[in-house]
Amino acid sequence: MKKLENYLDIKPYSDTLPNFDKSFGETIKLWIPMIIFNCACHHAKKGFEGNSTTEVIRNILLLHCYGFSAIQQMRERYREEKSSQSCSKPHISAFRVVEENFIGKNIKEIKISCHPKLKQDLQTLAKASNLSLSTYIRNLLVKYYLGYGFNLYKNNII
């Protein structure tokens, strides 16, 4: 494998990625705390990484799995195709209480439509961490929105 020295060295890897912005053949269903849902909604209102809450979360998952540079290159490759086709947007589902933790109950159900490869790769990462897919993604979103230091702050360590 070639040593990565510049941005273009990532291209052979990004060329293997499918168009994650076009194909939504799978659905990931999970429950998240209201604070995380509210952060994602705020994120979407600002138009950062997407225009809907589920689009924002899907983009966070893509960046987590493949990295910013590879996703950016994949999107550049498919830019013309994407602009000529309409993408169906995933939707947000109903409320339900599942479990309680330090940031509140997981009361917001979300369904994220995604490419099958993204779901498969997330399942692989979750399995490697000995977590269910929904727990893995929920932990990822908590770290993304509240940071790694939040637990330290909550426990008066920092």
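**Exercise 1. Find the partner of Asp21 and work out what the pair links.**

Asp21 makes a salt bridge with Arg75, with the closest N and O atoms 2.6 Å apart. That term means a side-chain nitrogen of Lys or Arg within 4 Å of a carboxyl oxygen of Asp or Glu. Before going on, note that this is a predicted model, where local features need pLDDT of at least 70 and side-chain atom pairs count only at pLDDT 80 or more, while totals for chains, interfaces and linings use all residues. Residues are numbered from 1 along each chain as its sequence is written, and side-chain values use heavy atoms, leaving out hydrogens and water.

Step 1: Asp21 sits in the loop between helix 1 (11-14) and strand 1 (26-33), and Arg75 sits in helix 4 (residues 68-84), so the pair ties together parts 54 residues apart in sequence. Helices (H or I, at least four residues) and strands (E, at least two) are DSSP runs, numbered from the N terminus.

Step 2: check the surroundings. Asp21 is buried at 8% relative accessibility, whereas Arg75 is partly exposed at 27%. Here buried means under 20% relative accessible area, exposed over 50%, and partly exposed in between (1.4 Å probe, protein chains only).

**Exercise 2. Explore the largest nonpolar core.**

Step 1: which residues touch the most other members? They are Ile28, Leu61, Leu118 and Leu122, out of 35 residues in this core. A nonpolar core is a set of buried Ala, Val, Leu, Ile, Met, Phe, Trp, Tyr and Cys residues joined through side-chain atoms within 4.5 Å.

Step 2: see who contributes. The elements that each supply at least two residues include strand 1, helix 2 (34-45), helix 3 (53-66) and helix 6 (133-146).

Step 3: zoom in on Leu118. Leaving aside neighbours within four places in sequence, Leu118 is in contact (heavy atoms within 4.5 Å) with Phe20, Arg58, Leu61, Leu62, Cys65 and Tyr66.
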